[in-house]
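This briefing sets out selected features of the structure shown below.

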Amino acid sequence: MMKPEPIVIETLTPIWTGGVNGSSDTVRETGIIGSMRWWYEAIVRGIGKYACNPLSDSKCMLDGKEKENDRNNKLCPACYLFGCGGWKRRFRLEIEDFGVKEPFHLVTFDRDEIGNNWWLSTIFEKNLNNNFSFGKFMFRIYPVGRGDKSEIIAQIKALLSIMSHVGAIGAKSQYGFGQFEMENRMDFKRALNEINNFCNKDEFKKEANKPDFYSLSNFWCYEFKIPARNQLVQSFQKSYIVGNQSLSTSYLPVSFDIRYKLPNRNKGSGLRQAYYSHCNGDKNQVCQIFGTLPENKKKEDGIGSRIFVSHLFREPSESDYFLRIWGFTEKIVGNLVSIEINKMFSLQEAPKRKYEEEITNFSGGV
(Lines give C-alpha, C1' and ligand atoms only; values in the text may rest on other atoms or scores of the structure.)
Protein backbone atom coordinates (compact mmCIF):
# COMPACT_ATOMS: atom_id res chain seq x y z
CA MET A 1 0.00 0.00 0.00
CA MET A 2 1.33 3.42 -0.94
CA LYS A 3 1.84 5.82 1.91
CA PRO A 4 -0.73 8.66 1.87
CA GLU A 5 0.43 12.25 1.69
CA PRO A 6 1.45 13.26 5.22
CA ILE A 7 -0.14 15.95 7.34
CA VAL A 8 2.84 17.89 8.72
CA ILE A 9 2.62 19.58 12.10
CA GLU A 10 5.23 21.37 14.17
CA THR A 11 4.76 21.75 17.91
CA LEU A 12 5.31 25.16 19.51
CA THR A 13 5.21 23.74 23.04
CA PRO A 14 6.06 20.10 23.92
CA ILE A 15 3.40 17.52 23.26
CA TRP A 16 2.06 15.29 26.03
CA THR A 17 0.47 11.97 25.13
CA GLY A 18 0.90 10.06 28.38
CA GLY A 19 1.59 6.41 29.03
CA VAL A 20 1.01 3.59 31.48
CA ASN A 21 3.12 5.23 34.17
CA GLY A 22 2.06 8.79 33.32
CA SER A 23 5.24 9.62 31.41
CA SER A 24 5.25 11.15 27.93
CA ASP A 25 8.66 10.25 26.54
CA THR A 26 7.25 9.13 23.19
CA VAL A 27 4.32 10.30 21.09
CA ARG A 28 1.54 7.73 21.29
CA GLU A 29 -1.13 7.52 18.62
CA THR A 30 -3.78 6.73 21.23
CA GLY A 31 -3.07 9.98 23.08
CA ILE A 32 -3.25 12.00 19.87
CA ILE A 33 -6.47 10.33 18.75
CA GLY A 34 -8.05 10.91 22.17
CA SER A 35 -7.51 14.66 21.94
CA MET A 36 -8.71 14.71 18.33
CA ARG A 37 -11.93 12.98 19.28
CA TRP A 38 -12.49 15.38 22.19
CA TRP A 39 -12.21 18.36 19.85
CA TYR A 40 -14.33 16.74 17.16
CA GLU A 41 -17.14 16.20 19.66
CA ALA A 42 -17.01 19.89 20.73
CA ILE A 43 -17.08 21.06 17.10
CA VAL A 44 -19.96 18.76 16.16
CA ARG A 45 -22.02 20.05 19.09
CA GLY A 46 -21.13 23.63 18.25
CA ILE A 47 -22.54 23.35 14.73
CA GLY A 48 -25.84 22.13 16.12
CA LYS A 49 -25.37 18.36 15.77
CA TYR A 50 -25.32 15.65 18.42
CA ALA A 51 -22.15 14.03 19.80
CA CYS A 52 -22.37 11.61 22.68
CA ASN A 53 -20.16 11.46 25.74
CA PRO A 54 -18.19 8.23 25.12
CA LEU A 55 -17.60 7.83 28.88
CA SER A 56 -21.29 7.96 29.80
CA ASP A 57 -23.99 5.27 29.98
CA SER A 58 -25.74 6.92 27.02
CA LYS A 59 -22.77 6.52 24.66
CA CYS A 60 -23.32 5.13 21.18
CA MET A 61 -23.03 1.37 20.78
CA LEU A 62 -23.89 -1.23 18.16
CA ASP A 63 -24.78 -4.85 18.82
CA GLY A 64 -23.93 -6.17 15.36
CA LYS A 65 -27.54 -7.00 14.46
CA GLU A 66 -28.30 -3.73 12.70
CA LYS A 67 -28.96 -3.64 8.99
CA GLU A 68 -26.45 -1.59 7.03
CA ASN A 69 -29.04 1.08 6.22
CA ASP A 70 -30.02 1.45 9.88
CA ARG A 71 -26.57 1.28 11.41
CA ASN A 72 -25.42 4.88 11.06
CA ASN A 73 -28.55 6.38 12.60
CA LYS A 74 -27.46 4.76 15.86
CA LEU A 75 -24.10 6.54 15.70
CA CYS A 76 -23.25 10.19 16.29
CA PRO A 77 -20.69 11.64 13.80
CA ALA A 78 -17.89 11.37 16.38
CA CYS A 79 -18.54 7.68 17.00
CA TYR A 80 -18.84 7.03 13.26
CA LEU A 81 -15.39 8.55 12.69
CA PHE A 82 -13.58 7.49 15.88
CA GLY A 83 -15.37 4.25 16.71
CA CYS A 84 -17.40 2.86 19.61
CA GLY A 85 -18.62 -0.49 20.92
CA GLY A 86 -19.41 -2.65 17.90
CA TRP A 87 -17.94 -0.16 15.40
CA LYS A 88 -14.30 0.32 14.38
CA ARG A 89 -12.60 3.65 13.91
CA ARG A 90 -12.75 4.76 10.26
CA PHE A 91 -9.03 5.47 10.02
CA ARG A 92 -5.63 4.34 11.20
CA LEU A 93 -3.06 6.93 12.28
CA GLU A 94 0.69 6.55 11.91
CA ILE A 95 3.02 9.18 13.34
CA GLU A 96 6.59 9.76 12.21
CA ASP A 97 8.56 11.74 14.78
CA PHE A 98 11.20 14.07 13.35
CA GLY A 99 11.41 16.19 16.49
CA VAL A 100 13.86 16.43 19.35
CA LYS A 101 13.62 15.29 22.95
CA GLU A 102 13.01 18.24 25.23
CA PRO A 103 13.66 17.85 28.99
CA PHE A 104 10.59 18.32 31.16
CA HIS A 105 10.70 21.70 32.79
CA LEU A 106 8.28 24.32 34.07
CA VAL A 107 8.96 27.83 35.29
CA THR A 108 7.50 29.53 38.36
CA PHE A 109 8.21 32.61 40.44
CA ASP A 110 7.54 30.59 43.56
CA ARG A 111 10.61 29.17 45.35
CA ASP A 112 8.82 28.26 48.58
CA GLU A 113 7.98 24.79 49.85
CA ILE A 114 4.30 25.66 49.60
CA GLY A 115 2.44 27.23 46.71
CA ASN A 116 3.08 26.78 42.99
CA ASN A 117 6.51 25.22 43.34
CA TRP A 118 5.16 22.56 45.70
CA TRP A 119 2.11 21.91 43.50
CA LEU A 120 4.19 21.53 40.35
CA SER A 121 6.71 19.22 42.02
CA THR A 122 3.85 17.12 43.42
CA ILE A 123 1.60 16.94 40.35
CA PHE A 124 4.47 16.18 37.99
CA GLU A 125 6.62 14.18 40.41
CA LYS A 126 6.85 11.19 38.02
CA ASN A 127 7.80 13.43 35.09
CA LEU A 128 10.62 15.54 36.52
CA ASN A 129 13.30 13.54 34.68
CA ASN A 130 11.29 12.74 31.55
CA ASN A 131 11.92 13.97 28.04
CA PHE A 132 9.12 15.24 25.80
CA SER A 133 8.70 15.27 22.05
CA PHE A 134 9.06 18.67 20.48
CA GLY A 135 9.33 19.75 16.85
CA LYS A 136 8.10 18.33 13.55
CA PHE A 137 5.81 15.32 13.06
CA MET A 138 4.19 13.67 10.07
CA PHE A 139 0.70 12.23 10.46
CA ARG A 140 -0.38 9.66 7.90
CA ILE A 141 -4.08 8.82 7.73
CA TYR A 142 -5.13 5.43 6.38
CA PRO A 143 -8.93 5.24 5.88
CA VAL A 144 -10.47 1.95 7.02
CA GLY A 145 -13.64 0.22 5.84
CA ARG A 146 -16.08 1.10 3.12
CA GLY A 147 -17.07 4.57 2.11
CA ASP A 148 -15.44 7.64 0.62
CA LYS A 149 -11.80 7.55 1.75
CA SER A 150 -11.13 11.13 0.65
CA GLU A 151 -14.04 12.25 2.85
CA ILE A 152 -12.42 10.70 5.93
CA ILE A 153 -9.07 12.35 5.21
CA ALA A 154 -10.81 15.70 4.66
CA GLN A 155 -12.49 15.41 8.10
CA ILE A 156 -9.15 14.81 9.80
CA LYS A 157 -7.50 17.73 7.99
CA ALA A 158 -10.38 20.04 8.90
CA LEU A 159 -10.29 18.90 12.52
CA LEU A 160 -6.52 19.38 12.89
CA SER A 161 -6.80 22.78 11.21
CA ILE A 162 -9.34 23.99 13.79
CA MET A 163 -7.25 22.58 16.64
CA SER A 164 -4.16 24.43 15.40
CA HIS A 165 -6.10 27.70 15.04
CA VAL A 166 -7.70 27.81 18.51
CA GLY A 167 -6.56 24.88 20.64
CA ALA A 168 -3.85 22.28 21.15
CA ILE A 169 -3.14 18.59 20.58
CA GLY A 170 -2.45 15.82 23.07
CA ALA A 171 -3.12 15.80 26.80
CA LYS A 172 -2.73 18.42 29.54
CA SER A 173 -3.40 21.38 27.26
CA GLN A 174 -4.78 23.19 30.34
CA TYR A 175 -1.17 23.19 31.56
CA GLY A 176 0.28 24.67 28.38
CA PHE A 177 1.24 21.62 26.34
CA GLY A 178 0.50 20.84 22.70
CA GLN A 179 0.41 24.15 20.83
CA PHE A 180 1.16 23.45 17.18
CA GLU A 181 1.32 24.79 13.65
CA MET A 182 0.07 22.81 10.67
CA GLU A 183 1.33 23.05 7.12
CA ASN A 184 -1.32 23.83 4.50
CA ARG A 185 -4.07 24.04 7.09
CA MET A 186 -7.57 25.06 6.09
CA ASP A 187 -8.82 28.47 7.11
CA PHE A 188 -11.15 28.33 10.09
CA LYS A 189 -14.43 28.90 8.27
CA ARG A 190 -13.68 26.38 5.54
CA ALA A 191 -12.75 23.76 8.13
CA LEU A 192 -16.01 24.34 10.00
CA ASN A 193 -17.95 24.01 6.78
CA GLU A 194 -16.13 20.78 5.91
CA ILE A 195 -17.20 19.18 9.18
CA ASN A 196 -20.70 20.66 8.99
CA ASN A 197 -21.30 19.25 5.50
CA PHE A 198 -20.24 15.81 6.67
CA CYS A 199 -22.46 15.96 9.77
CA ASN A 200 -25.47 17.20 7.79
CA LYS A 201 -26.10 13.72 6.50
CA ASP A 202 -29.51 12.52 7.63
CA GLU A 203 -28.15 9.13 8.64
CA PHE A 204 -26.51 10.14 11.93
CA LYS A 205 -28.03 9.86 15.38
CA LYS A 206 -30.08 12.86 16.48
CA GLU A 207 -30.46 13.74 20.15
CA ALA A 208 -30.13 16.83 22.32
CA ASN A 209 -26.70 17.62 23.74
CA LYS A 210 -26.51 18.15 27.47
CA PRO A 211 -25.79 21.76 28.46
CA ASP A 212 -22.60 20.85 30.34
CA PHE A 213 -21.00 19.18 27.29
CA TYR A 214 -17.98 20.96 25.82
CA SER A 215 -19.15 22.75 22.69
CA LEU A 216 -18.13 25.56 20.34
CA SER A 217 -21.50 27.10 21.11
CA ASN A 218 -20.04 28.34 24.42
CA PHE A 219 -16.45 28.78 23.25
CA TRP A 220 -14.07 31.74 23.17
CA CYS A 221 -10.36 32.10 22.41
CA TYR A 222 -7.87 34.94 22.88
CA GLU A 223 -4.31 35.12 21.59
CA PHE A 224 -2.04 37.77 23.09
CA LYS A 225 1.17 38.98 21.47
CA ILE A 226 3.71 39.76 24.17
CA PRO A 227 7.06 41.43 23.38
CA ALA A 228 10.19 39.51 24.41
CA ARG A 229 11.31 42.64 26.23
CA ASN A 230 8.17 42.65 28.38
CA GLN A 231 9.13 43.08 32.04
CA LEU A 232 7.13 40.07 33.24
CA VAL A 233 8.56 37.87 30.48
CA GLN A 234 12.08 38.84 31.49
CA SER A 235 11.25 38.09 35.12
CA PHE A 236 9.94 34.66 34.14
CA GLN A 237 13.17 33.97 32.26
CA LYS A 238 15.08 34.33 35.54
CA SER A 239 12.62 32.33 37.64
CA TYR A 240 12.75 28.97 39.38
CA ILE A 241 12.80 25.81 37.22
CA VAL A 242 10.92 22.67 38.15
CA GLY A 243 12.49 19.75 36.29
CA ASN A 244 15.63 20.09 34.17
CA GLN A 245 17.12 23.06 32.38
CA SER A 246 16.27 23.40 28.69
CA LEU A 247 18.32 25.18 26.05
CA SER A 248 15.25 25.99 23.98
CA THR A 249 14.22 29.62 23.56
CA SER A 250 11.14 28.72 21.51
CA TYR A 251 8.83 28.65 24.50
CA LEU A 252 8.65 29.65 28.16
CA PRO A 253 6.65 27.11 30.25
CA VAL A 254 4.85 29.45 32.64
CA SER A 255 1.24 28.33 32.17
CA PHE A 256 0.81 27.26 35.80
CA ASP A 257 1.66 30.66 37.32
CA ILE A 258 -0.58 32.46 34.82
CA ARG A 259 -3.42 30.02 35.28
CA TYR A 260 -3.48 29.66 39.04
CA LYS A 261 -1.62 32.08 41.23
CA LEU A 262 1.02 34.64 40.35
CA PRO A 263 3.40 34.93 43.33
CA ASN A 264 4.61 38.28 41.95
CA ARG A 265 1.55 40.18 43.17
CA ASN A 266 2.72 43.45 41.62
CA LYS A 267 1.70 42.00 38.25
CA GLY A 268 -1.69 40.61 39.14
CA SER A 269 -2.99 37.58 40.95
CA GLY A 270 -3.28 34.79 38.37
CA LEU A 271 -6.47 33.82 36.54
CA ARG A 272 -7.90 31.45 39.13
CA GLN A 273 -7.23 33.89 41.96
CA ALA A 274 -8.77 36.72 39.96
CA TYR A 275 -11.89 34.67 39.24
CA TYR A 276 -12.08 33.68 42.91
CA SER A 277 -12.28 37.38 43.80
CA HIS A 278 -14.81 38.01 41.03
CA CYS A 279 -17.24 35.40 42.38
CA ASN A 280 -16.78 36.54 45.99
CA GLY A 281 -14.85 33.48 47.10
CA ASP A 282 -17.35 30.89 45.87
CA LYS A 283 -15.05 27.83 45.71
CA ASN A 284 -17.67 25.70 43.98
CA GLN A 285 -18.03 28.21 41.17
CA VAL A 286 -14.24 28.42 40.79
CA CYS A 287 -13.98 24.62 40.59
CA GLN A 288 -16.70 24.49 37.93
CA ILE A 289 -14.58 26.76 35.72
CA PHE A 290 -10.99 25.81 36.53
CA GLY A 291 -11.59 22.19 37.51
CA THR A 292 -10.52 20.23 40.55
CA LEU A 293 -9.35 16.80 41.61
CA PRO A 294 -11.67 15.21 44.16
CA GLU A 295 -10.56 14.64 47.73
CA ASN A 296 -10.96 11.05 48.94
CA LYS A 297 -12.96 10.18 45.82
CA LYS A 298 -12.40 8.44 42.51
CA LYS A 299 -10.51 10.29 39.78
CA GLU A 300 -13.57 10.22 37.51
CA ASP A 301 -15.45 12.26 40.12
CA GLY A 302 -13.19 15.24 39.46
CA ILE A 303 -14.30 18.28 37.49
CA GLY A 304 -12.51 18.94 34.21
CA SER A 305 -11.17 22.42 33.54
CA ARG A 306 -13.12 24.64 31.17
CA ILE A 307 -10.19 27.09 30.90
CA PHE A 308 -7.02 26.25 28.94
CA VAL A 309 -3.82 28.31 29.14
CA SER A 310 -0.86 27.82 26.82
CA HIS A 311 2.75 28.40 27.73
CA LEU A 312 4.36 31.45 26.20
CA PHE A 313 5.49 30.34 22.75
CA ARG A 314 7.14 31.78 19.68
CA GLU A 315 5.72 31.20 16.24
CA PRO A 316 8.21 30.50 13.42
CA SER A 317 10.25 33.59 12.44
CA GLU A 318 8.78 35.59 15.36
CA SER A 319 10.92 37.11 18.13
CA ASP A 320 7.98 38.03 20.34
CA TYR A 321 5.97 35.56 22.40
CA PHE A 322 2.33 34.55 22.12
CA LEU A 323 -0.08 33.40 24.80
CA ARG A 324 -3.27 31.56 23.83
CA ILE A 325 -6.12 31.12 26.29
CA TRP A 326 -9.44 29.50 25.43
CA GLY A 327 -12.48 28.40 27.35
CA PHE A 328 -15.82 26.64 27.14
CA THR A 329 -17.74 29.08 29.32
CA GLU A 330 -19.92 32.15 29.13
CA LYS A 331 -18.28 35.04 27.29
CA ILE A 332 -18.07 37.09 30.52
CA VAL A 333 -15.43 34.69 31.81
CA GLY A 334 -13.38 35.29 28.67
CA ASN A 335 -13.71 39.03 29.19
CA LEU A 336 -12.36 38.67 32.73
CA VAL A 337 -9.46 36.60 31.44
CA SER A 338 -8.60 39.24 28.86
CA ILE A 339 -8.67 42.03 31.45
CA GLU A 340 -6.46 40.07 33.87
CA ILE A 341 -3.89 39.17 31.19
CA ASN A 342 -3.69 42.81 30.11
CA LYS A 343 -3.08 43.77 33.72
CA MET A 344 -0.58 40.96 34.27
CA PHE A 345 1.61 41.82 31.27
CA SER A 346 0.87 45.57 31.20
CA LEU A 347 -0.45 45.33 27.64
CA GLN A 348 -1.80 48.39 25.91
CA GLU A 349 -4.68 46.80 24.04
CA ALA A 350 -6.68 43.60 24.44
CA PRO A 351 -7.03 41.42 21.34
CA LYS A 352 -10.37 40.51 19.86
CA ARG A 353 -11.69 37.00 20.33
CA LYS A 354 -10.35 34.70 17.63
CA TYR A 355 -12.94 33.76 14.99
CA GLU A 356 -15.78 35.16 17.07
CA GLU A 357 -17.80 36.11 13.99
CA GLU A 358 -17.23 32.77 12.25
CA ILE A 359 -18.37 30.83 15.31
CA THR A 360 -21.30 33.10 16.21
CA ASN A 361 -22.68 33.45 12.71
CA PHE A 362 -21.93 29.98 11.44
CA SER A 363 -24.87 28.66 9.45
CA GLY A 364 -24.92 25.40 11.41
CA GLY A 365 -26.43 27.25 14.35
CA VAL A 366 -23.49 28.25 16.57
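Trp118 lies in helix α4, which spans residues 116-123. The model is a predicted one. In this model, Trp118 is partly exposed, its relative accessible area being 42%. Together with Trp119 and Ile123, Trp118 makes a nonpolar surface patch of about 310 Å².

**Nonpolar cores**

- The largest nonpolar core has 61 residues, and the members that touch the most others are Tyr40, Phe91 and Phe139.
- Two or more residues of this core come from each of the helices α1 (29-46), α3 (77-82), α5 (149-166) and α6 (188-199), and likewise from each of the strands β1 (7-11), β2 (91-97), β6 (136-143) and β7 (180-182).
- Another core lies apart from this one; it has 31 residues, including Trp220, Tyr222, Leu232 and Ile307.
- With residues up to four places away in sequence set aside, Tyr40 touches Pro77, Ala78, Leu81 and Phe82, as well as Gln155, Leu159, Ile195, Phe198 and Cys199.

**Ser338 in helix α11**

- Helix α11 covers residues 331-345 and contains Ser338.
- Ser338 has a relative accessible area of 5% and is therefore buried, the cut-off for that class being under 20%.
- Beyond its neighbours within four places in sequence, Ser338 is in contact with Tyr222, Phe224 and Ala350.

- The whole structure holds 13 salt bridges.
- One of the salt bridges joins Lys3 to Glu96, with 3.9 Å between the closest N and O atoms.
- Lys3 belongs to the segment before β1 and Glu96 to strand β2, so that this pair, 93 residues apart, links distant parts of the chain.
- Lys3 is exposed at a relative accessible area of 53%, whereas Glu96 is partly exposed at 22%.
- A network of salt bridges links Lys3 and Glu96 with Arg140.
- Lys136 and Glu183 also form a salt bridge through their side chains, at 3.8 Å from N to O.
- This second pair again links distant parts of the chain, with Lys136 in strand β6 and Glu183 in the loop between β7 and α6, 47 residues apart.
- Both partners are partly exposed: the relative accessible area is 34% for Lys136, and the relative accessibility of Glu183 is 42%.

- Arg37 and Glu41 meet through their side chains in a salt bridge, with an N to O distance of 2.9 Å.
- Because Arg37 and Glu41 are four residues apart in helix α1, about one helical turn separates them.
- Arg37 counts as buried at 11% relative accessibility, and Glu41 is buried as well, with a relative accessible area of 6%.

**Strand β13: Arg324**

- Strand β13 runs over residues 321-327 and includes Arg324.
- Arg324 counts as buried, since its relative accessibility is 3%.
- The Arg324 side chain reaches the backbone oxygen of Gly167 at a distance of 3.0 Å.

**Strand β13: Tyr321**

- Tyr321 is also a residue of strand β13, and at 3% relative accessibility Tyr321 counts as buried.
- Not counting residues up to four places away in sequence, Tyr321 touches Phe224, Lys225, Ile226, Ala228, Val233, Gln237, Thr249, Tyr251, Leu252, Leu312, Phe313 and Arg314.
- With Arg314, the contact includes a polar one between the two side chains, at 3.3 Å.
- Tyr321 and Glu207 are 114 residues apart in sequence, and their C-alpha atoms are 43 Å apart in space.

Note on methods
Residues numbered from 1 in each chain as written. Predicted model: local features only at pLDDT ≥ 70, side-chain atom pairs only at ≥ 80, totals over all residues. Heavy atoms only, no water. Patch = residues over 30% accessible without salt bridge, like charges linked within 9 Å, V, L, I, M, F, W, Y side chains within 5 Å. Areas by Shrake-Rupley, 256 points an atom, 1.4 Å probe, with all protein chains shown as cover. Salt bridge = Lys/Arg side-chain N within 4 Å of Asp/Glu carboxyl O. Buried < 20%, exposed > 50% of the residue type's maximum accessible area, 1.4 Å probe, protein only. Core = buried A, V, L, I, M, F, W, Y, C linked by side-chain atoms within 4.5 Å. Contact = heavy atoms within 4.5 Å. Polar contact = N/O pair within 3.5 Å; in protein donor to acceptor, adjacent residues only side chain to side chain.
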